[in-house]
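Here is a short briefing on one structure.

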Amino acid sequence: MLRLQNLIYHPAATPEPILKSINLELPPQNLGLIVGASGSGKTTILEILAGLAEPTKGEIFWRTKKLSDLELQQLAGLVFQFPERHFCGGTVLEELRLGHPELDLKRVKDALSEVGLEDISLKTSPHVLSGGQQRRLALAVQLIRQPNVLMLDEPTAGLDWSMRIQLAKLLANLKKHWTLLVVTHDPGELIGIADRCWTIDRGDLQPIEPSALNR
Ligand SMILES: Nc1ncnc2c1ncn2[C@@H]1O[C@H](COP(=O)(O)OP(=O)(O)OP(=O)(O)O)[C@@H](O)[C@H]1O
């Protein structure tokens, strides 16, 4: 269970807090969906959970353990918006092993098969993959590290309708083994696979029934 307790993020330069005492609980093997407009604070939540920004106040727990920034970096696998823009390996294998040259081939292949890319050659350049395959590879890059929570920032942005459906199916499959937290301004096909939903408006996070997002 991931738990955020009274989390505030208020940089000195901003008149209003960017996150206003937010609370969130996400059980294991659930998909949590945070929906909010541009600038509402979605990416900031993920950056804090990935240990990339320090909250002003509040606590983050995994099960009963309160986590430090360093522990957060190990907890979370963050897939940025448009992750394919950040690929820097010359091949799929290099991309998966970036920062982890010791990872054995079995682990590489397991990560690829988790995202349905078991048939691609490890020598392929990430840049020649289709848009949908690139998103899958970006997920595998995080999954290979076996994070406790896989976090995705606008995972369906820039994908066409059929690729969005395929990605939603993949995420529904992944949550059988992993805990997922997704943030988006455009929930669409993600609503149907979400177990818990929240809306965020100017840093104010509130729970909402997934069915209410469809209205
Ligand atoms: N360290 C910071 N200092 C000042 N302002 C910040 C800081 N971090 C974030 N902000 C501001 O907080 C607001 C929320 O940003 P955030 O990126 O979390 O929003 P978002 O909901 O992810 O929007 P988008 O989808 O457009 O990225 C924005 O107005 C942003 O400029």
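Two strands pair if DSSP finds at least two bridges between them. Strands S4 and S5 are joined by 2 bridges and run antiparallel. The model is a predicted one. Its strands include an open sheet of 4 and an open sheet of 6.

**The four-stranded sheet**

- The strand order is S2-S1-S4-S5, and the pairing is antiparallel.
- Strand S2 (19-26) and strand S5 (65-66) are the edge strands, each pairing on one side only.
- Strand S1 (residues 2-9) runs antiparallel to S2, and 5 bridges join them.
- Leu2 has Leu26 in S2 as its bridge partner.
- Helix H1 packs on this sheet, where H1 touches S1, S2 and strand S4 (57-62).
- The direction of H1 makes about 115° with that of S1.
- S1 also pairs with S4, in the antiparallel sense, over 5 bridges.
- Across that pairing, Gln5 stands opposite Glu59 in S4.
- The hairpin of S4 and S5 has 2 residues between the strands.
- In that hairpin, Arg63 takes a positive phi near 55°.

**The six-stranded sheet**

- This open sheet has the order S6-S7-S8-S3-S9-S10, with mixed pairing.
- Its edge strands are strand S6 (76-79) and strand S10 (204-208), and each pairs on one side only.
- On average, neighbouring strands of this sheet are turned by 20° against each other, direction ignored.
- Strand S9 (residues 196-201) and S10 run antiparallel, joined by 5 bridges.
- Asp201 has Asp204 in S10 as its bridge partner.
- The hairpin of S9 and S10 has 2 residues between the strands.
- Here Arg202 takes a positive phi near 45°.

**The H5 and H6 helix pair**

- Two packed helices are described by the angle between their axes and the distance between the axes.
- What are these values for helix H5 (residues 131-143) and helix H6 (residues 161-174)? Their axes come within 10 Å and cross at roughly 25°.
- Angles under 35 degrees count as roughly parallel, so H5 is roughly parallel to H6.
- The crossing of H5 and H6 is right-handed.
- On the H5 side, Gly131, Gly132, Arg135 and Arg136 make the contact.
- On the H6 side, the contact is made by Met163, Gln166, Leu167 and Leu170.
- By class, the residues of this contact divide into 3 nonpolar, 3 polar and 2 charged.

**The ligand shell**

- Which residues come nearest to the ligand? Of the 13 residues around the ligand, they are Pro11, Ser38, Lys42, Thr43 and Thr44.
- Which helix gives the most to the shell around the ligand? Helix H1 (residues 42-49) does, with 3 residues.
- H1 is also the helix described above as packing on the four-stranded sheet.
- By class, the shell has 3 nonpolar, 9 polar and 1 charged residues.

Methods: Residues are numbered from 1 along each chain as its sequence is written. This is a predicted model: local features need pLDDT of at least 70, side-chain atom pairs count only at pLDDT 80 or more; totals for chains, interfaces and linings use all residues. Axes are lines fitted to C-alpha atoms, for helices over the stretch in contact, and angles run from 0 to 180 degrees between N-to-C directions. Angles under 35 degrees count as roughly parallel, over 145 as roughly antiparallel, 65 to 115 as roughly perpendicular and the rest as oblique. A crossing is left-handed if the near helix is turned anticlockwise from the far one by less than a right angle, and right-handed if clockwise. Two residues are in contact if their C-beta atoms, placed from the backbone, lie within 7 Å. Ala, Val, Leu, Ile, Met, Phe, Trp, Tyr, Cys and Pro count as nonpolar, Asp, Glu, Lys and Arg as charged, and the others, Gly among them, as polar. A residue is near a molecule or strand if its C-beta atom, placed from the backbone, lies within 6 Å of it.
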